[in-house]
Amino acid sequence: MIKTVQYFLFVLFTGLLLCANNVSAQTGITIDASQQMTTFEFTSSDGNIDNSYSPIYTGAYHFGYSYFLDNGIYFNAGIGMRNAGATMAIDATNLRWDFKYGQGKLGGGYMYELGRINPYLGIAGYYARLLTANQRINDPKRENINYDLLESGSILENDYGLLITPGVRLSASEYISVYTEFSYLMGLQNLQPGDTGQEAINAGYAITLGVSFNLINKDE
């Protein structure tokens, strides 16, 4: 699966470089923050999907770089932090997973220009490194328990996948734009170590607000 993501990114950026010939471009620095709804997609060893996980609401932020061509094609890159996790209730026991990732992403897309308000659709690959991972068990019949999953080796430290992002960009001035976008995160990495036959992947949705500071207008 990693090779599939690498091949996708290679094809994407080869196409972008070919399209960049003989057109003008604009670059910018972006800052954004997201409200996320994140959960797990868990599949048991017999292939059944467990629907007992409930989402939690968390945040994320990224700093990035964007490169827009006049033909509507763009690419972007970013680094930042995001939280992930889920909850589950079993009888009177409540379980909660809280993860924190450092993340990098790289992608591109197409923006349709309508003047100051421009809709776009993008897709990106991401790679994330797990920084903290805790499982909390709240049981009224016994003392509450917290497990450090990262320290115990109960979860893989790496995650990767795809982000699909429709959005709208508003030009506030020649040098500043603001944008809002909706994102679907599709994890591709099984978070469970070892060959258990079970699969747990990150999944989620996010609403993002951001600002872009335009740096260069270039005519080739």
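Colleague: Which strands each supply at least two residues of the lining of the second largest pocket?
Modeller: This is a predicted model, in which local features need pLDDT of at least 70 and side-chain atom pairs count only at pLDDT 80 or more, while totals for chains, interfaces and linings use all residues. Residues are numbered from 1 along each chain as its sequence is written, and side-chain values use heavy atoms, without hydrogens and water. A pocket is an open set of points on a 1 Å grid over the protein atoms alone, with protein on both sides within 12 Å along at least five of seven lines, and its lining residues have an atom within 4 Å of a point. With strands taken as DSSP runs (E, at least two residues) and numbered from the N terminus, the elements that each supply at least two residues of this lining are β1 (25–43) and β5 (93–111).

Colleague: How many residues of the lining of the second largest pocket are charged, by class?
Modeller: The lining includes Phe40, Phe42, Tyr53, Trp97 and Phe99, and also Ser154 and Gln192. With Ala, Val, Leu, Ile, Met, Phe, Trp, Tyr, Cys and Pro counted as nonpolar, Asp, Glu, Lys and Arg as charged, and the others, Gly among them, as polar, the tally is nine nonpolar, two polar and, for charged residues, none.

Colleague: What volume does the largest cavity have?
Modeller: A cavity is a set of grid points where a 1.4 Å probe fits but cannot get out, and its volume is the space filled by probe spheres set on points joined across faces, edges and corners. One cavity of 30 Å³ or more is counted; whereas the second largest pocket has a volume of about 230 Å³, the largest cavity holds about 590 Å³.

Colleague: Which residues lie nearest the centre of the largest cavity?
Modeller: Strands that each supply at least two residues of its lining include β1, β5, β8 (158–171) and β9 (176–187). By class, this lining has 16 nonpolar, 19 polar and five charged residues. Of the 40 lining residues, those nearest the centre are Asp32, Lys105, Thr165, Glu181 and Ser183.

Colleague: Is Thr39 buried or exposed?
Modeller: Thr39 lies in strand β1 and, leaving aside neighbours within four places in sequence, is in contact (heavy atoms within 4.5 Å) with residues including Tyr53, Pro55, Ala86 and Ile201. Because its relative accessible area is 18%, Thr39 counts as buried.

Definitions and conventions. Buried means under 20% relative accessible area, exposed over 50%, partly exposed in between (1.4 Å probe, protein chains only).
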